[in-house]
Amino acid sequence: MSGGIDPVALTIFLFFFGLVTVLGFLASRWRKAASLDNLDEWGLGGRSFGTFVAWFLIGGDIYTAYTFIAVPATLYAGSVTGFFAVPYTIVLYPIIFMFLPRLWSVSHRRRYVTPADFVQGRFDSKALATAVAFTGILATLPYIALQLVGIQAVLDVLGLGGGPDAGWFRKDLPLFVAFAVLAAYTYSSGLRAPALIAFVKDTLIYVVIIAAVVYLPTQLGGWDGIFDKAQASFDLFNRDNADAIAAGDASAKGLFPTTGAAQWAYASLSLGSALALFMYPHSVTAVLSTKNRNIIRRNAALLPAYSFLLGLLALLGLAAIAAGVKVDNAQLAIPQLFEQEFSPWFAGLAFAAIAIGAFVPAAIMSIAAANLWTRNIYKAFLRPQASEADEARQSKLASLLVKFGALVFVLALPKEFSINLQLLGGIWILQTLPAIVIGLYTRWLHRHALLAGWAVGMVWGTYAAYSTPVVGKPGTHFGGSVAPLEVLGVRLSDNLVYFGLTALVLNLVVSVALTFVLRALKVSAGVDDTRPADYLVDAGDPHVEDDLDAIQTPPAT
Amino acid sequence: MDERTAGRPAPAPGSPPGPARLVAAGVALVVAVVVPLLVWTYARRGPELAGIPFFFWYQFLLVVVCVVLTTIAYRLVISHERDRRRAEGRDVA
């Protein structure tokens, strides 16, 4: 931002970057298995992670670099719903507690590696499983791309972006190098790499944020000073733009949602995002990598430590206002705050934390997307006779492709595009909830009805997001993820509701209605490959082997 | 929470535990999900705590409360599962 490269900050940054690179490659020797040439080993870390490792891995997975940049950025920008990330990550864990142990059990018993494997086994529908796999891959790609946006923000502030006049090659080279390194060690170490790097990442993040939260208020007149300055800044904006706000051409700024409509947005975003998060293939990958079903439950009680941290971090967005940080791109507010308020070595530490914070989820996400590709598209359609080693090879290649796809995505398309697609990703992934979550409890919903409900939810959610203009710019698209509740043009309520949730309700209505029809017509519901007891088994139970053979899996066809 | 009602293998020695603990765990979890979503109950400025508006510090408090609720649910479910395994004559981990 300020042009020059600070040598101290850069040295610290490069030191940690080097450290995680070494760790990433060494990870393949950690808890070494006989061979990494099968999906369980490469893609699920041998399904052997205990509470401690899982805590770091799942934490590293959920709280991404983009979260660390974007959540404070929304508070900095005066969005009244910006803090929703905190209740979102509060309600997430009880939900995980309820549903995911069942998924762990059935996956372990039937050797499912992906959520689409489960849907295939449960509903005996290749079309539905493909829909789930396709949705997972589609929703994960922009998520990976956003991690790159997070790294880019840090590189920019570090001065590695080459400034606004730099050519694309100079500008993008550092990002390219960082990602090539990430791709290389994910390729060689699989899920073990992000699990090991997550230790470094989370330690750094905790140190940085706790130090910042303790130190910054002493510099900025205490928390009351920070909140008063932020409030004053928002009040000034609202006064200066009173006409535009009244005309609906600008959004009023504030600290928290005061109107009922905004409170609905806050609550529905929290719930919708929480429901979406654990449908993402990378959450499922992290959960299935644990060694018994209670590790998930225990972690549901331990992971909220991160929510606390995220809340503190979010408040730094307000501290940036109080510190007088002025940036046009709110995403740069936090990196800028660190550069401005802290000594270079601490800023370097913070930047390293954010960048490494991008590597962990990016690696897990690319592995998850690659598993989906291999199991549910490659093996299901292209090469049903693929051997275990073939699967692992495919997944490794696919993880490279996915990452470079995301890189091209970020470099070639405007940044807004990734953010819009990420918004859509949440809406899309929610549409797989009926098949997966309800499927964990009952097979009552008919497979064809689920597919129809999925399609309706996907189309409606995409359309709703597409047709929401940016405030003050009619005719634009993807202006937000909430809107007044409307069904077929009839406004039911002025309260703002997250599209993902409305699309999900629509999805469920269609699924239930069609199930009645299909059942009345006695259309075959297929054969259930699972048994009720499968949903309750734990490690050590009969037929639940710790070291299972992927070839014996009911083939994903 | 239909953990208990799902089918079990052949009849087993001992009597299986009742659903009381699972129901209690379910209630604790539902409370932990619903309370943070009642935004209107906490979207206000006061009373402040060390300069932090109620809206913010209350949600930090909720994080702690929900950890307690989830921990209670965890203990209930674990003890239920242990008894169920014992009733089924399986090894108790």
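Modeller: Helices (H or I, at least four residues) and strands (E, at least two) are DSSP runs, numbered from the N terminus. This is a predicted model: local features need pLDDT of at least 70, side-chain atom pairs count only at pLDDT 80 or more, and totals for chains, interfaces and linings use all residues. Residues are numbered from 1 along each chain as its sequence is written, while chains are lettered from A and ligands numbered from 1 in the order in which they are written.

Colleague: Which helix holds A:Phe99?

Modeller: Helix α5 of chain A, residues 85-110, contains A:Phe99. Chain A has 22 helices and 2 strands.

Colleague: Is A:Phe99 buried or exposed?

Modeller: A residue is buried if 20 or more other C-beta atoms, placed from the backbone, lie within 10 Å of its own, exposed if 12 or fewer, and partly exposed in between. A:Phe99 has 21 other C-beta atoms within 10 Å, so A:Phe99 is buried. Of the 557 residues of chain A, 58% count as buried.

Colleague: Which residues does A:Phe99 touch, not counting those up to four places away in sequence?

Modeller: Two residues are in contact if their C-beta atoms, placed from the backbone, lie within 7 Å. With that exclusion, A:Phe99 touches A:Val437 and A:Leu440.

Colleague: How many residues of chain B are in contact with chain A?

Modeller: 34 residues of chain B are in contact with 39 residues of chain A. On the chain B side, α2(B) gives the most, with 14 residues.
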